[in-house]
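User: Hello! I am new to this structure and would like a friendly tour. Could you take my questions one at a time?

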Amino acid sequence: MAKKRIYELAKELKLPSKRVLDAAQAREIDVKNHMATLDGSQEKTVRAYLQPRKATNNKPKPAAKRATTRSQTDQATASKPVRSAKAKPQGKTATTQHQQPHSTTQKPTTGKNHSSQGQHQTKTKTTGNGTGKFGGSLKRSSNPNGTANSNKKKRRNRKNRTNRFNSMYSKNQRIRQNHKKKAPTVRKNRPLPEVLVYQDGMNAQDLGKILHREPAEIIKKLFMLGMMVNQNQSLDKDAIEVLADDYGIKSQEKETVNVSDIDKFFEEEEQNKDYQAPRPPVVTIMGHVDHGKTTLLDYLRDSHITAGEAGGITQAIGAYQLHHDGKIITFLDTPGHAAFTEMRARGANVTDITVLVVAADDGVMPQTVEAIDHAKAAQTPIIVAVNKIDKAGANPNHVKEQLMNYGLVPEDYGGDTIFVDISAKNGTNVDELLNMILLQSDVMELQANPKQNGAGSVIEARLDRGKGPVATLLVQQGTLHTGDPIVVGDTFGRVRTMANELGQDITTATPATPVEITGLNGVPEAGDRFVVFNDEKTARTAGEERAKEAQLEERKQNNRVTLDNLFDSMKQEDLKQVNVIIKADVQGSVEALADSLRKIDVSGVNVNVIHASVGAVNESDVALAKASNAIIIGFNVRPTPQAKSQGELDNVDIRLYQVIYNAIDDVTAAMKGKLDPTYVEEVTGNIEVRQLYKASSVGTIAGGMVSDGFVANDSKVHLIRNGVVKYDGELGSLKRFKDDVKEVKQGHECGLTIENYNDIKVGDVIEAYRMKEVAPQ
Ligand SMILES: Nc1nc2c(ncn2[C@@H]2O[C@H](COP(=O)(O)OP(=O)(O)OP(=O)(O)O)[C@@H](O)[C@H]2O)c(=O)[nH]1
């Protein structure tokens, strides 16, 4: 049985939490408050204790009455475990009576409360003689065992011991008296809200306003729940939630958040599982140059989108959705690894599935490998489209064999990578590819909540002469509407117009839908996130705040990992891995360099080669390095001019070498430099103590001879007696012939004191040493 909190059980039993808490304590269960948990057997015990065996409103028989008294005493005095332990579950009368005061203090406001009033009326009869939750204390005063006097005495004692319960008692009495006096059942209160939206730290007054109740009533309620507070006292989350629970309404914490932190909003929206509906997959197509990415995208668009449109409509934006088998697939029409990785570098993992296009007549090529590494780094599943199978010389099996070396093992070879042989040009098997995409997406159970504010990422953005800033957004959560106040990256505004991939105006966009919007005050960047706010004012505040933060962010760019700052970065960011991209002139060098770098042995840190291939350092490498905070090592290669300038712009460290060992040495040194230096003791010399002088002002002065090495006036020292280190400290002073000196060498006499230490004896050896920094091995 799962553990249950006291207040949850109370809710189930329709009893005040305090009542259940008391019962648990009476049964000697170590629980402190309403948030405490009960395990299965404890819950059973408490239930048995609390729940009536059969319901009746009959007047209690004397025995039952006694039982009631005991039970209530137990509740009120958890400090009497022995008595409590004896008290068997007391049956209906006890329970009925326990429930009563709750209803006496609670005024009917909701249907629920009405019913409790009903209970109250029934119970009033039963408890007219002064029993109740804390009526147990009253009962005790007419304890059948003794006289009124002895009871008073007991009560006084108890008062001393348990002030809390005594004050409860007196307060309860007051409540009762008031109750009797005023017949207060009808309240002018407005109905309770359905949900108590609160902030941690609110007090009874604040809550009173929200709940449309007098603070006094709230204080009373809290009191009955075992919490004594005044109306200005801050209440914690638990207390407020229990209070709401006791009122029979839900509670929800209102968060005070930094509105500019849209990543947080985004993540919250993304993780919002209140309502989940399946959403279409978002697919990116990657592959080597000329392997057919564009042809495939074009074929898909032409065959599946424009087919239904008269005359065909030119695709307006860099993403589109197509319908297949009654389902929708979203394609990001931005082939190129750099674009993919650029978005990831900006925190936008928009792609669910990567389709890797490999030409069957060409096989695995450098950019194929690059694409695999990019997709792996983004942790998106890969579906392989072996293209151009119509061509003479096409060898799909060879492609499969090649890709196995990169961890993409086809299903017919026992792996789990989906391969589809296609001809993008002729459309052969393209539908099969779509089937596979849908299958993969089914496995992934892609879901989103369309019933919330829209949130997502920027696919691309530009400044249009006529329209102003235009952004293509991919909705990832919620629904985006025209007119929504929105923050996109560091820009903000209202969604003025919204168009689909065909350039048609639309007013709403659900998850996985790409749309082009206008209405922003600036041009955001690809990969920026967007979040819809409830009001324009907050959106503006957030947007402006973000623009300011963007400047700071720019400075952060300089903090990218380089070989020079590797050590500091590792320390600051607790890096355990150094990401490296290797580019070299020949495959042999790539492998040799990768192997050697992986083998660098610096304790606690290792090199993670995220991509290694033959060829110049290109823009894609820089983008991958930026996204993965990696260092690029080029061996006998140079960066392309674009990669060079991009690298400079993004502060990506590109290191070029002609000698492999230099590369390894540099990385090793940088990694070591990043580690905390270690220190070892280095003995510089020894002094044999031959004489002692006592001076009241400085303590014991040792006169001796430097037997080897030297001693400096800032030396640390070990005092060694009979080969055992008796003391480890520092020199206080070092003299020769009454003069302070900096150093005394072997064969010379000296006088010295040890800081804070006087127990020096003739024959001791004072070993002088210093701490020496050593590079990590
Ligand atoms: N025979 C045949 N040719 C194809 C097929 N798919 C693409 N091609 C041709 O291959 C060439 C390159 O195709 P693209 O679609 O431009 O290749 P890409 O991967 O987009 O190339 P980049 O955009 O340069 O990276 C074009 O001439 C296409 O017509 C196919 O299935 N069969």
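User: Is Lys11 buried, partly exposed or exposed, and why?

Analyst: A residue is buried if 20 or more other C-beta atoms lie within 10 Å of its own, exposed if 12 or fewer, and partly exposed in between, with C-beta atoms placed from the backbone. Lys11 has 18 C-beta neighbours inside 10 Å, so Lys11 counts as partly exposed.

User: Before we go on, what kind of model is this?

Analyst: Residues are numbered from 1 along each chain as its sequence is written. Local features need pLDDT of at least 70, side-chain atom pairs count only at pLDDT 80 or more, and totals for chains, interfaces and linings use all residues, since this is a predicted model.

User: In which helix does Lys11 lie, and what separation do the C-alpha atoms of Lys11 and Gly248 have?

Analyst: Helices (H or I, at least four residues) and strands (E, at least two) are DSSP runs, numbered from the N terminus. Lys11 lies in helix α1, residues 6-13. Along the chain, Lys11 and Gly248 are 237 residues apart, and their C-alpha atoms are separated by 8.6 Å.

User: How many helices and strands does the protein chain have, and what percentage of its residues count as buried?

Analyst: The protein chain has 25 helices and 32 strands. Of its 777 residues, the share that counts as buried is 41%.

User: Why are α2 and α3 described as roughly perpendicular?

Analyst: Axes are lines fitted to C-alpha atoms, for helices over the stretch in contact, and angles run from 0 to 180 degrees between N-to-C directions. The axes of helix α2 (residues 17-26) and helix α3 (residues 40-50) come within 9 Å and cross at roughly 110°. Angles under 35 degrees count as roughly parallel, over 145 as roughly antiparallel, 65 to 115 as roughly perpendicular and the rest as oblique. The two helices, α2 and α3, are therefore roughly perpendicular.

User: Which residues of α2 and α3 meet, and how do they divide by class?

Analyst: Two residues are in contact if their C-beta atoms, placed from the backbone, lie within 7 Å. From α2 come Val20, Ala23, Ala24 and Ala26, which meet Gln42, Val46, Tyr49 and Leu50 in α3. Ala, Val, Leu, Ile, Met, Phe, Trp, Tyr, Cys and Pro count as nonpolar, Asp, Glu, Lys and Arg as charged, and the others, Gly among them, as polar. By class, this contact of α2 with α3 has seven nonpolar, one polar and no charged residues.

User: What is the strand order of the open sheet of six strands, and why does one side of β7 and of β11 lack a neighbour?

Analyst: Two strands pair if DSSP finds at least two bridges between them. With mixed pairing, the order is β7-β8-β6-β9-β10-β11. One side of β7 (319-324) and of β11 (418-421) has no neighbour in the sheet because each stands at an edge, with a single partner strand.

User: How many bridges join β7 and β8, and which residue is the partner of Tyr320?

Analyst: Strand β8 covers residues 327-332 and pairs with β7 in the antiparallel sense over six bridges. The bridge partner of Tyr320 in β8 is Phe331.

User: Which residues come nearest to the ligand, and which helix gives the largest share of the shell?

Analyst: A residue is near a molecule or strand if its C-beta atom, placed from the backbone, lies within 6 Å of it. There are 16 residues around the ligand, and Gly292, Lys293, Thr294, Thr295 and Lys425 come nearest. The largest share of the shell, three residues, comes from residues 293-304, helix α15.
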